[in-house]
Amino acid sequence: MYLTRYLYPESHEELLQLHVKRRMTQGFVLAVTIMREAIDEFRRFQRDKEVNSQLYSKLTVRGKVQVKSSDIQVGDLIIVEKNQRIPSDMVFLRTSEKAGSCFIRTDQLDGETDWKLKVAVSCTQRLPALGDLFSISAYVYAQKPQLDIHSFEGTFTREDSDPPIHESLSIENTLWANTIVASGTVIGVVIYTGKETRSVMNTSNPKNKVGLLDLELNQLTKALFVALVALSVVMVTLQGFVGPWYRSLFRFLLLFSYIIPISLRVNLDMGKAAYGWMIMKDESIPGTVVRTSTIPEELGRLVYLLTDKTGTLTQNEMVFKRLHLGTVSYGADTMDEIQGHLRNPCPQMQSQAGGNNASSTPPRKAQSSAPKVRKSVSSRVHEAVKAIALCHNVSPVYESRAGVGGEAEYAEADQDFSDGNRTYQAASPDEVALVQWTESVGLTLVSRDLGSVQLRTPSGQIQTYCILQMFPFTSESKRMGVIVRDESTAEITFYMKGADVAMSSIVQYNDWLEEECGNMAREGLRTLVVAKRALTEEQYQDFESRYSQAKLSIHDRALKVAAVVESLERQMELLCLTGVEDRLQADVRPTLELLRNAGIKIWMLTGDKLETATCIAKSSHLVSRTQDIHIFRPVTNRGEAHLELNAFRRKHDCALVISGDSLEVCLKYYEHELAELACQCPAVVCCRCSPTQKARIAKLLQHHTGKRTCAVGDGGNDVSMIQAADCGIGIEGKEGRQASLAADFSVTQFRHIGRLLMVHGRSSYKRSAALGQFVMHRGLIISTMQAVFSSVFYFASVPLYQGFLMVGYATIYTMFPVFSLVLDQDVKPETAMLYPELYKDLTKGRSLSFKTFLVWVLISIYQGGILMYGALLLFESEFVHVLAISFTALILTELLMVALTIRTWHWLMAVAEVLSLGCYVASLAFLNEYFDVAFITTVTFVWKVSAITMVSCLPLYVLKYLKRKLSPPSYTKLTS
C-alpha cells in the first residue's frame with residue numbers, strides 16, 4: 001500500500017516542488033557568482049578612482065588652482081613638479097631650469113630607464129615671468145592622435161608679434177602622459193587627454209579572463225547534459241511512449257537534473273577565494289596580492305613566461321666594475337690604485353699635451369705610434385679617466401633649498417652647490433655610473449651646459465672644456481662622441497665611446513680588445529670602448545664647415561651627416577675598455593633555472609637596446625653559457641625576412657634575439673613560420689619592443705600553440721602584455737604600481753614567482769580538479785540511484801528522495817567534507833620547490849581530462865547501482881526502509897569517498913567529516929516524515945547499512961592501494 005501511494009497520487013506536486021527547489025538552488029549559485037564578480041569590480045573601481053583623483057596645479061588668469069587629473073581638459077596649462085607624473089599629453093612651454101630644458105623618465109611608457117632630454121618652446125621660455133603666458137596671443141597646432149610614441153609634428157604660433165612667430169614642434173617639445181618629470185618644474189599646455197594620449201593608445205583593452213580549468217569543466221558539463229537527455233529519452237523509450245510521452249520526458253529531465261552539477265560553480269568560486277587567501281597569507285612571499293580571483297588555477301598550467309627586463313629581471317642600478325687599459329686591468333678591489341695615479345700630476349701628459357698641436361699635421365700613423373712607447377701606466381690612467389669624465393651627456397643637478405613658487409621659480413640664489421647636494425641626470429644609467437665612478441676616483445663633473453663642461457681634479461683645480469660638437473648615441477651607430485677644446489691649452493680632442501662591435505673597426509690595431517670584451521660579457525658586464533683623436537685647429541675648421549653643410553641638406557641629410565662624422569672616425573687611439581654591471585634582482589638566476597626545469601619557456605620582451613638585452617640574457621642565465629645565440633639581422637621587406645628565416649632554420653638549439661622592427665616585418669609576411677621556429681628555441685629575447693608588440697607576441701603564442709601564457713612586468717609599458725596574457729603578474733617596483741594594479745597577481749620581487757607557480761599554482765589546479773570531479777560524482781551517484789529506482793518500478797517518473805533529504809544531501813551532509821578538498825596537498829611546499837619537474841606534469845592536463853572524468857562516471861554508476869540494488873534487496877515489508885538504508889549508505893559512501901580522495905590530511909578535514917556525520921545522525925530524530933525512527937535504532941538497520949557501504953567503497957580502496965603499489969604517481973616516489 002505504501003509503495004502505491006508513494007508512486008502515483010502526489011507525483012505532480014512533488015515534481016513541482018522539485019522544480020522550485022532547483023530554481024532556488026540556481027538562484028543561490030548565481031547570487032554567489034555575481035557577488036564575487038561585484039567585489040572584484042568594486043576593487044578595480046577603487047583603484048581607478050585613486051589614480052583619477054590625483055591633484056595637479058592648473059595655471060589660470062587668477063593664479064593656481066588644484067584640479068583632479070580626471071578633470072584636465074585640452075588647452076589647460078598644467079604645472080608639474082619634479083618627481084610628479086604627467087597626467088596628459090602636453091607641449092612643453094616653460095621650465096624652472098636655466099637651460100630651458102628638463103629630463104623626464106619614460107619607463108612607464110617605453111620601458112627604457114634612460115632619462116630623455118626635453119626642450120621648452122623657446123618663445124614661451126624667454127618670457128620674463130610665469131604670468132606673462134596670459135599676456136600673449138598664441139596657439140598650438142598638433143597632429144591628430146597617433147600610436148607612435150617616438151614622433152610628433154606640430155607648430156607653435158605667436159600672433160601678437162610683428163611678424164607672427166612660427167616655431168616648429170617635434171618630439172623633444174612634448175611631454176607624454178605617464179612619464180615623470182626628473183628635473184625642475186615644468187609648465188605645459190594639454191593637447192591630448194584620455195583615450196587620445198599615447199600611453200592609452202598603446203594599451204590594449206583588457207579581456208575577461210577565463211581559466212583553462214573552467215573551460216574544461218564546461219566541456220564536461222556539456223557531456224553531462226547530453227547524458228541527461230540521452231538517459232531521459234532511454235527511460236521514455238523503455239516506458240513504451242505510453243500516453244503523453246513528452247510529459248514523461250520532461251519529468252525525467254527534472255528527476256535526473258542532478259547530473260548537471262549546479263553547485264559546482266559555487267564550490268569552485270569559494271575554492272578560488274580560499275586559494276587567493278592562502279596566497280596572500282603565505283609568509284614566504286610577503287606583499288603578494290590576488291587581484292583577479294577567478295584564475296588561480298592558471299598559475300599551475302603555464303608553458304610560456306613573457307618577462308620584461310628593466311626593473312623585472314634587473315634592479316636598474318648600474319655599478320662600475322672594471323677598467324681595462326690593455327696591459328693592466330682594474331677591478332673593484334684595485335680602484336685605490338687609480339686614485340693614487342690621479343693624485344700625482346703626470347708631467348709626461350703635460351709635455352705630450354703641449355706637443356700634440358705641433359705634431360698633428362704629419363700622417364696619422366706616425367703621430368699615433370710614437371707616443372705609444374713613451375706612455376706610462378699613470379699617463380694612460382689619466383687619459384682614460386679624463387675621457388670617461390668628458391665623453392657623455394650627463395648633467396649635474398643641484399637641488400634648490402626653497403620650494404618653487406610664483407615669480408621666484410627661476411631664482412638660483414637658493415641652490416646649494418656642495419658635493420652632497422649634487423645628483424646626476426642622463427639619458428642612460430650606464431653614463432651616470434661612469435661619471436659617478438670618475439667622481440669616486442677623484443675627477444668630478446661639477447657643471448655642464450650646452451656649451452661647456454667643468455671638471456674638478458683631486459687637487460681641487462677646476463678644468464674647463466668648451467663643447468664644440470656633440471654626436472649623440474643612436475641604435476644604428478651604437479656609439480656617441482664629443483669634440484672639446486681645453487680652455488687652458490686650446491687643445492682640441494675628439495672623444496668617442498661605444499659598443500665593441502662598432503668601435504673595433506674605428507680604433508687602431510690591437511690584440512686585446514676582442515678577447516677582453518668577451519671576458520667581461522661572460523661576467524655579465526656591459527662593455528664600452530673609449531677612444532680619442534687629437535685634432536688641429538685646421539682639421540676641426542674643415543670638419544665643421546663640411547658638417548654644417550651636411551646638416552643643411554634637404555635630401556639624404558642623415559646619410560650625409562653620418563658620412564662627415566665617419567671621416568673623423570679613423571685610426572682613433574684606444575684608451576680603455578669599461579665594464580658596468582646592471583644588478584640583477586635578488587635570486588633571479590635560481591628562479592629562472594627553477595622555471596626552466598619546470599618546463600616553462602621564458603621569453604624576454606624589452607624596449608631596451610639589443611646589446612643590453614643580450615648582455616642581461618647572459619648574466620641572468622636566461623641563455624646558458626654554452627648556448628649559441630642567433631641574432632636576427634634587421635629586415636625591412638619580405639625578401640630579407642625570407643632569407644633570414646631560412647638562415648635561422650638551419651640553427652639548432654640556440655637562443656633567438658630579434659628586434660621589434662624585424663619582428664613586425666616577419667609577423668606581417670611569415671607569422672606562422674616565425675612562431676613555429678621561435679617556439680622551438682630554449683629562450684627568446686625581443687628587444688626594442690613597443691607595448692603593443694609585447695601584447696601581440698602574447699596573443700601569437702596563445703593562437704599558435706594553444707598553451708597558457710603568463711606575462712610579468714613592472715612598468716606601464718607592460719600593461720598591454722599583462723592584460724593580453726592568460727595570466728598577468730605585476731611587480732611593484734621603482735617604475736610605479738601601474739603594472740601591479742593592472743595585473744591578476746601582484747608580487748614585490750621576481751623571485752616570489754617561483755613559489756607562486758610551483759606551490760600555489762600547482763596546488764590550486766590539483767585541488768580544483770579534484771573538487772570539480774567530486775562534485776560531479778556527487779550528482780551522478782544520486783542520479784544513478786534514481787535511474788535504478790525508476791527502472792525497478794516500471795519506469796515511474798517520480799523522485800526517490802523528496803523535500804529536505806535532497807537539500808540536506810547537497811548542503812550540510814556533504815558540503816563541508818567535499819569543500820575541505822581545497823586544503824588537500826600531494827607534496828609539501830618544500831618538495832614542490834625542490835623538484836620543479838613535478839610542475840611539468842600539470843601542463844599535460846592529466847588531473848582533469850575525459851579519461852579521469854570517465855573513471856569517476858564509472859565509480860558513480862557502480863556505487864549508485866550497489867546502494868540502490870542493495871537497499872531494495874535488503875528491505876523487508878515497508879518501502880520506507882529502502883529510503884532509510886539507501887540514503888544513510890549514500891551519506892556514508894560520500895564521506896568515505898572524500899577520505900579516499902584526500903592525499904594529506906588536515907585537521908579541518910577531519911572536523912568536516914565528523915561534523916557532517918554528526919549533523920546527519922542528529923537530524924535523524926527530526927526526519928520521521930521520511931524515515932521509520934524505530935527501525936533506524938535497530939541492529940538490523942546498522943548491519944544492512946554497513947554491508948551496503950562496505951560493498952560500495954571497499955573495492956575502490958583496494959584498487960587505490962594496488963595502483964599506488966604497482967604504478968605510483970611521481971610525487972609518491974619523492975616523499976617515500
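This is a predicted model: local features need pLDDT of at least 70, side-chain atom pairs count only at pLDDT 80 or more; totals for chains, interfaces and linings use all residues.
Residues are numbered from 1 along each chain as its sequence is written, and side-chain values rest on heavy atoms, with hydrogens and water left out.

**Overall make-up**

The protein holds 36 helices and 32 strands, where helices (H or I, at least four residues) and strands (E, at least two) are DSSP runs numbered from the N terminus. Of its 976 residues, 53% are buried; buried means under 20% relative accessible area, exposed over 50%, and partly exposed in between, with a 1.4 Å probe and protein chains only. Among contacts (heavy atoms within 4.5 Å) with a separation of 6 or more, 73% are between residues 24 or more positions apart.

**Helix H6**

Helix H6 covers residues 212-239, and its 28 residues should span 40 Å at 1.5 Å a residue, which agrees with the 41 Å between its end C-alpha atoms; the expected span is 1.5 Å times one less than the number of residues. The buried residues of H6 are Leu-213, Asp-214, Leu-217, Leu-220, Leu-224, Leu-228, Ser-232, Met-235 and Val-236. An α-helix has 3.6 residues a turn, so residues three or four places apart point the same way. The cover over the buried residues of H6 includes helix H7 (245-255), helix H8 (263-281), helix H26 (752-792) and helix H31 (850-874). Just after H6, Gly-240 has a positive phi of about 90°.

**Cavities**

A cavity is a set of points, on a 1 Å grid over the protein atoms alone, where a 1.4 Å probe fits but cannot get out, and its lining residues have an atom within 4 Å of a point. Grid points are joined across faces, edges and corners, and a volume is the space filled by probe spheres set on the points. There are eight cavities of 30 Å³ or more, and the table sets out two of them.

| Cavity | Volume | Helix giving the most to the lining |
|---|---|---|
| Largest | about 90 Å³ | H26, three residues |

Ten residues line the largest cavity, and Leu-255, Tyr-258, Gln-786, Leu-800 and Met-806 lie nearest its centre. By class, this lining has eight nonpolar, two polar and no charged residues, where Ala, Val, Leu, Ile, Met, Phe, Trp, Tyr, Cys and Pro count as nonpolar, Asp, Glu, Lys and Arg as charged, and the others, Gly among them, as polar.

The lining of the second largest cavity has eleven nonpolar, no polar and no charged residues, including Trp-603, Leu-656, Ala-678 and Cys-686. Strand E28 (654-659), helix H22 (671-679), strand E29 (683-687) and helix H23 (691-705) each supply at least two residues of this lining.

**Cysteines and Pro-472**

With a disulfide taken as a pair of cysteine sulfur atoms within 2.5 Å, the count comes to zero. Cys-679 is in no disulfide, and the nearest cysteine sulfur, that of Cys-681, is 8.6 Å away. Cys-679 is buried, with a relative accessible area of 9%, whereas Cys-919 is partly exposed at 28% relative accessibility.

Pro-472 sits in the loop between strand E21 (462-471) and strand E22 (479-486), and counts as exposed at 59% relative accessibility. Leaving aside neighbours within four places in sequence, Pro-472 is in contact with Arg-479 and Met-480. Pro-472 and His-392 are 80 residues apart in sequence and 8.7 Å apart in space, C-alpha to C-alpha.

Terms used: On a 1 Å grid over the protein atoms alone, a cavity is a set of points where a 1.4 Å probe fits but cannot get out, and a pocket is an open set with protein on both sides within 12 Å along at least five of seven lines; lining residues have an atom within 4 Å of a point.
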